[in-house]
Amino acid sequence: MRTAYSVETVRAAERALMARLPEGGALMQRAAAGLAAACAELLGRVYGSRVVLLVGSGDNGGDALYAGARLARRGAGVTAVLLTPERAHAGGLGALRRAGGSVAASEAAGELIGRADLVVDGIVGIGGKGGLRPEAEALADAARRSRAAVVAVDLPSGIEADTGEVRGAAVRADLTVTFGTYKPGLLIDPAREYAGVVRLVDIGLELPAEGELQALQHADVARLLPMPAGESDKYRRGVVGIAAGSARYPGAAVLAVSGALRGGAGAVRYVGPAGEAVIARFPETLVSDRGPRKAGRVQAWVVGPGAGDDVATVAEVLEADVPVLLDADGLRLAERDAVRGRTAPTLMTPHAGEAAALLGVRREEVEGARLAAVRELAAVYRATVLLKGSTTLVADAGGGAVRVNATGTSWLATAGSGDVLSGLAGSLLASGLPAVDAGSAAAYLHGLAGRFAAEGAPVGAHDVAARIPQAWRDVRAL
């Protein structure tokens, strides 16, 4: 599992470590060694390469200078552009000059960057807020337009480490070398788009067990997935109810059922007006036309995909004393107090537009501050919230670390994809997973299935559903 920690937690861990290390900047040397190694690997051939360091006044600038000195000793031509010369890290600057590196005025930076093979962004540290200042913005723009590879020190300058927000101009990196631990902004959009490939360098920090953000990996998801035992039957494996679809949107019901059938539950019950379409596609589905209360035994409900204006069904499902997943029209039709008053778990799965409507803000506000939005929704509704997007976030109703998932592909932005995800997550709920685990595992599998289905080409939601078993096997193969 990748765990990301807040700036405050990282700084406290750094202070504790520095108190135990000998004097002389040992912690910075560890960071610089890792940074230099990553730069050398990216360059391939260090000797004769041209490297430009963009150096601010903080420790990131010091890391860049010491790393530049290491590259200069290996034969690279290294030039440091100092944004605030009077506040540049004295030790790092001295090391660079002794290694044969040079310093240039910011006025010459554009030409230097244009001829560089590598640009190292050491402008702003993890405490930066509000985007780059004009002088730094000009350098970031020159780096973006150049042919040079761009390496960010700890995180791209201009993004906000704790939130993933980008409130102005920022450096776009090809590689970010981060120290000690991941920072939330490296894993959450929109900032994640600026980070490129992220490489973690261990510098010996001792950190708490739980951070601000958790990104599950294959092994973590494999431990969550339900596996039938020898004595299992369809009811012990869990039965998921799907209350979805309408005369106008019967496909939503079919797609939700397609996800549910591949999610590990023993049986799927469908309730709604699209029964004929469902049974024609998936004859193993248990179809009922008597409403949720009389549908039969279920361990979890999915309600909302393609439901139109069926308020009564949404309200009836919310009264059930089993886990409920709310999606699509269900999010719009559900009474807030009915959700807040539930004693069984609730999992809400909005995209940014739906989240904005629930919070009464503009979509752009949610997309620009995804971490804050998912936490607020979970608190307001007292529910677990899965905020869909390029980096899907899952916030537990009880607080704690937010889960982030990045297994998807932009090809998943297609009609019906969310219906498949809802059915898959509902099936995992019915099998007994807590809401945060069901949402996290479903997002991970759904993203993998999307990658397998797409392979660089457009796909339909039904293609994604068909690849869920392949994603499941891939996760379990470790």
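In this predicted model, the axes of helix 17 and helix 18 (residues 435-454) come within 8 Å of each other and cross at roughly 135°. Angles over 145 degrees would count as roughly antiparallel and those from 65 to 115 as roughly perpendicular, so helix 17 is classed as oblique to helix 18. The handedness of this crossing is right-handed.

On the side of helix 17, the contact is formed by Ser 417, Val 420, Leu 421, Leu 424, Ala 425, Leu 428 and Leu 429. Helix 18 contributes Ala 435, Ala 438, Ala 441, Ala 442, Ala 443, Leu 445 and His 446. Sorted by class, the contact of helix 17 with helix 18 comprises twelve nonpolar and two polar residues, with no charged residues.

Helix 17 (residues 417-430) also packs against helix 9 (residues 250-261), at an angle of about 40° and with the axes 6 Å apart. Helix 9 and helix 17 are therefore oblique to each other. Here, too, a direction of crossing is assigned: helix 9 passes helix 17 in a right-handed crossing.

The residues that helix 9 brings to this contact are Ala 252, Leu 255, Ala 256, Ser 258, Gly 259 and Ala 260. They meet Asp 419, Val 420, Gly 423, Leu 424 and Ser 427 in helix 17. The contact of helix 9 with helix 17 divides into six nonpolar residues, four polar residues and one charged residue.

Val 420 and Leu 424 of helix 17 take part in the contact with helix 9, and Val 420 and Leu 424 are also listed in the contact with helix 18.

Conventions:
Residues numbered from 1 in each chain as written. Predicted model: local features only at pLDDT ≥ 70, side-chain atom pairs only at ≥ 80, totals over all residues. Heavy atoms only, no water. Axes fitted to C-alpha atoms, helices over the stretch in contact; angles between N-to-C directions. Helix = DSSP H or I, 4+ residues; strand = E, 2+ residues; numbered from the N terminus. Parallel < 35°, antiparallel > 145°, perpendicular 65-115°, else oblique. Left-handed = near helix turned anticlockwise from the far one by under 90°. Contact = heavy atoms within 4.5 Å. Nonpolar A, V, L, I, M, F, W, Y, C, P; charged D, E, K, R; others polar.
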